[in-house]
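Hello,

Here is the structure you were waiting for. My notes follow below it.

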Amino acid sequence: MKIIIIASVSNNGIIGYKNKLPWHIPEDLQHFKSTTMGHAILMGRFTFESIGKPLPGRINYIISKKLINTDSKTQDFIVMNNFEDIVYDAFKKGCKKLFIIGGGQVYSNAINLADQMIITLINREYSGDVYFPKFNENEWEIKMKKVFEGYDIINYIRSSQKKVVF
Ligand SMILES: NC(=O)c1ccc[n+]([C@@H]2O[C@H](COP(=O)([O-])OP(=O)(O)OC[C@H]3O[C@@H](n4cnc5c(N)ncnc54)[C@H](OP(=O)(O)O)[C@@H]3O)[C@@H](O)[C@H]2O)c1
C-alpha cells in the first residue's frame with residue numbers, strides 16, 4: 001500500500017486560514033477528487049470539521065485523540081487515535097493507496113510515513129495560519145511537474161530510505 005500526501009500550498013507555504021482553505025480553485029478540487037476517488041483518505045480532526053462531512057466514494061479515516069470512536073459499521077467514517085492503526089486497517093482492507101489529505105498537524109506528523117507527495121503549488125502568496133511542513137528537498141525527487149495557469153502540480157517520490165516502517 002502506498003502512502004501519499006496530497007496538498008495545495010501557496011508559494012509562501014500557507015495551506016489554511018481560520019480552518020478553511022484560503023483559496024477556491026475548482027480545477028484543483030477536481031484534481032483532488034479524481035486522484036483520491038476510490039481510495040482511502042486520512043485527515044486530522046480540524047480538517048474533518050472544516051469539510052463537515054465524510055467525502056463520498058472514499059474510505060474516510062479521521063485521526064483524533066478527542067473524537068469519540070464511532071462504530072464504523074454504522075458510520076461512513078472511521079475515527080482512530082494513531083497513524084499505525086489507520087495504516088494497518090487500510091492495509092487489511094486491501095487499500096492500494098492511502099492519501100494523507102491534511103491539515104498542517106497531520107502533514108507534519110505523517111510526512112515521514114509518506115512514499116509520495118502530490119503538491120499543487122499555487123503561484124501566489126496568501127495570508128494564513130497553517131503551513132505545510134518544511135521538508136528536505138534532498139529526500140524527495142520530482143517525478144513529474146505539470147504547469148497550469150496560476151499553479152503547478154508536482155509529484156514527489158521519496159528518494160531516501162528515511163521512511164518510517166512499522
Ligand atoms: N491546502 C490544503 O491542501 C489543505 C488540506 C487540508 C486541510 N487544510 C487546512 O488546514 C487547516 C487545518 O489544519 P490543522 O493543522 O489546524 O489541523 P488538522 O491537522 O486537520 O487536525 C489536527 C488534529 O488532528 C488530530 N491529530 C493530528 N495528529 C495526530 C496524531 N499523531 N495522533 C492523534 N491525533 C492527531 C488531533 O485531533 P484531536 O485534537 O481531536 O486529538 C489534532 O488536534 C485548515 O485551515 C484546513 O482548511 C488545507
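**F99 and its surroundings**

F99 touches I4, I6, T36, H39, A40, I41 and L42, leaving out residues up to four places away in sequence; two residues are in contact if their C-beta atoms, placed from the backbone, lie within 7 Å. This is a predicted model, in which local features need pLDDT of at least 70 and side-chain atom pairs count only at pLDDT 80 or more, while totals for chains, interfaces and linings use all residues. Residues are numbered from 1 along each chain as its sequence is written.

**Core**

F99 is also among the residues with the most contacts inside the largest nonpolar core, together with I5, A40, L42, Y61 and I100; that core has 41 residues. β1 gives the most to this core, five residues. A nonpolar core here is a set of buried Ala, Val, Leu, Ile, Met, Phe, Trp, Tyr and Cys residues joined through C-beta atoms within 7 Å. Buried means that 20 or more other C-beta atoms lie within 10 Å of the residue's own, exposed that 12 or fewer do, and partly exposed covers what lies in between, with C-beta atoms placed from the backbone. Of the nine residues of β1, seven are buried.

**Sheet**

Helices (H or I, at least four residues) and strands (E, at least two) are DSSP runs numbered from the N terminus, and two strands pair if DSSP finds at least two bridges between them. Eight strands form an open sheet with mixed pairing, in the order β5-β4-β3-β6-β1-β7-β10-β9. β5 (78-80) and β9 (140-148) are the edge strands, each with a single partner, so one side of each has no neighbour in the sheet. From one strand to the next the twist averages 20°.

β1 runs parallel to β6 (residues 97-100), joined by four bridges; in this pair K2 stands opposite K97 and I4 opposite F99. With β7 (residues 116-122), β1 pairs in the parallel sense over seven bridges, and V9 stands opposite L121.

**Ligand shell**

The ligand is surrounded by 29 residues, the closest being G16, G44, G102, G103 and G104; a residue is near a molecule if its C-beta atom, placed from the backbone, lies within 6 Å of it. At least two shell residues come from each of β1 (2-10), β2 (14-16), β3 (40-44), α2 (45-51) and α4 (104-110). By type, the shell has eleven nonpolar, 14 polar and four charged residues, where Ala, Val, Leu, Ile, Met, Phe, Trp, Tyr, Cys and Pro count as nonpolar, Asp, Glu, Lys and Arg as charged, and the others, Gly among them, as polar.

Regards

Note on methods:
Axes fitted to C-alpha atoms, helices over the stretch in contact; angles between N-to-C directions.
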